[in-house]
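Biologist: Before we discuss any details, could you bring up the sequence and the structure, so that we can go through them together?

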Amino acid sequence: MGTRAVIGRDGDVRPSRSTPPIRTVSFERGDGAAAAVLRAVRTQGPVTRDRLPQATGLSAATVNRQLQTLDRLGLVRERPDLIAPGAIGRPKVPLMLDRDRFCVIAIHIGARSTLLMVADLGGRPLQTAAMSTPSGPAGPALALIARRAAVVADSFTQRIALWAGAAVGGQVHSDGSVDHAQLGWCRAPVGQALEDELGLPVSVSPHVQAMAAAELLLAGDPNTSGVDLLFYVRETVGLATTIDGRVRDRPGNIGHLPVSAPLLTGAPQSTLQDVVGRKVFDDAVAAGADAAELLDERARVLGEMVALVRDLINPDRVVLAGQVFAEHPHGLAPVQSAFDGATSLPTIELSPPRFGARVQEGAAVVVSLGALYADPIGALQNHTA
């Protein structure tokens, strides 16, 4: 494991003697002044001081106070080498997020595979490894995942690891434990296993919420007003809602929704969870069903399901994430067609996630960065020695 540290109130980095409690993370853009300034530097950098008041809606004096603290903590840095020709004075010195001093450890635990990453403070993965999600009892499985994560992190011994985050399917409890039906986990101590091995503060989040947060916090879109829905369908199904720059704390459970997919399930009526996942599809093909017809049926079911939920909530944007949405040879077009035919509201365009096939990576990274982005000063100074 790389360097473990705390940030003192004077901004000095010191060895860590303890870690704060494991926490679930609340995803939001952050209303505080420090969060607003850090976000502007992170998303617009290199940016000069004189542009930050307009970018943040804060006074110049408030911006400068926040910059002094963020600079002392090592989160931002000046780039005098990027000063525009003819620019005079410190307000014209560009500022950027310091991507080189710190890192976070990010983990996505899926029903079949697990991703292990180290990322910088801008959310850029520096190292990524994959492993099959261990089967069997949760304790040994989580211990193995935590050890592998430590091995991945060990290659960045010159960086200070600030946080660890895990995005995982199933229900996440406030103590960082997880119920995951597909893995057979009940109150599996995900957060505790990571804290024990990594010695870092840990956040744990349902992965669908984290995917929505990646769209909100890492994609760099300045417009966060309105309501977004994100549907995830792979081995499991889920729904997350973002309202005016905040991901709702509780993910939506849509696996129980009734659907009609007789080719996939061999039954006239089933649930949405019954028709997703590789095994369902492979079993239907082995039983003699035509693969193209199965893909068409599944696209119809997904489009109708999305239309049903959209008509209830009437969001401004709908995002479809997960491999199942992308497996049809015509992409999202058949899902869009079924959606158009089923919705009772004016049709809207269904969108893929901004992270595309890397949506699991983005989900894991944003869990490890969520507390820092929401309250950068508090997230670091809470680790005082």
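Biologist: Which residues does Phe 355 touch, not counting residues up to four places away in sequence?

Modeller: In this predicted model, Phe 355 sits in the loop between strand E21 (350-351) and helix H12 (359-374). Leaving out residues up to four places away in sequence, the residues that Phe 355 touches are Ala 214, Glu 215, Leu 218, Ala 219 and Gly 362.

Biologist: Is Phe 355 buried or exposed?

Modeller: The relative accessibility of Phe 355 is 17%, and the cut-off for a buried residue is under 20%. Because 17% falls within that class, Phe 355 counts as buried.

Biologist: How far apart in space are Phe 355 and Ala 321, C-alpha to C-alpha?

Modeller: In sequence, 34 residues separate Phe 355 from Ala 321. In space, C-alpha to C-alpha, the distance between Phe 355 and Ala 321 is 9.2 Å.

Biologist: Are H6 and H12 roughly parallel or roughly perpendicular to each other?

Modeller: Helix H6 (residues 207-217) packs against H12 at an angle of about 75°, and their axes are 7 Å apart. Since angles of 65 to 115 degrees count as roughly perpendicular, the arrangement of H6 relative to H12 is roughly perpendicular.

Biologist: How do the residues of the contact of H6 with H12 divide into nonpolar, polar and charged?

Modeller: On the H6 side the contact is made by His 207, Ala 210, Met 211, Ala 213, Ala 214 and Leu 217, and on the H12 side by Val 359, Gln 360, Gly 362, Ala 363, Val 366, Val 367 and Tyr 373. The residues of this contact divide into 10 nonpolar, 3 polar and no charged.

Biologist: What is the phi of Asp 244, and where does Asp 244 lie?

Modeller: Most residues other than glycine have a negative phi. Asp 244 lies in the loop between strand E16 (237-243) and strand E17 (246-247), and Asp 244 is exposed, with a relative accessible area of 52%. Its phi is a positive value in a residue other than glycine, near 45°.

Biologist: Which class of accessibility does Asn 314 fall into?

Modeller: Asn 314 is in the loop between helix H9 (291-313) and strand E20 (317-321), and its phi, near 55°, is positive. With a relative accessibility of 47%, Asn 314 counts as partly exposed.

Biologist: Which residues does a cis peptide bond join?

Modeller: Most peptide bonds are trans. Here, in the loop between helix H1 (33-44) and strand E4 (47-48), where Pro 46 lies, omega is about 0° for the bond that joins Gly 45 and Pro 46.

Note on methods: Residues numbered from 1 in each chain as written. Predicted model: local features only at pLDDT ≥ 70, side-chain atom pairs only at ≥ 80, totals over all residues. Heavy atoms only, no water. Helix = DSSP H or I, 4+ residues; strand = E, 2+ residues; numbered from the N terminus. Buried < 20%, exposed > 50% of the residue type's maximum accessible area, 1.4 Å probe, protein only. Contact = heavy atoms within 4.5 Å. Axes fitted to C-alpha atoms, helices over the stretch in contact; angles between N-to-C directions. Parallel < 35°, antiparallel > 145°, perpendicular 65-115°, else oblique. Nonpolar A, V, L, I, M, F, W, Y, C, P; charged D, E, K, R; others polar.
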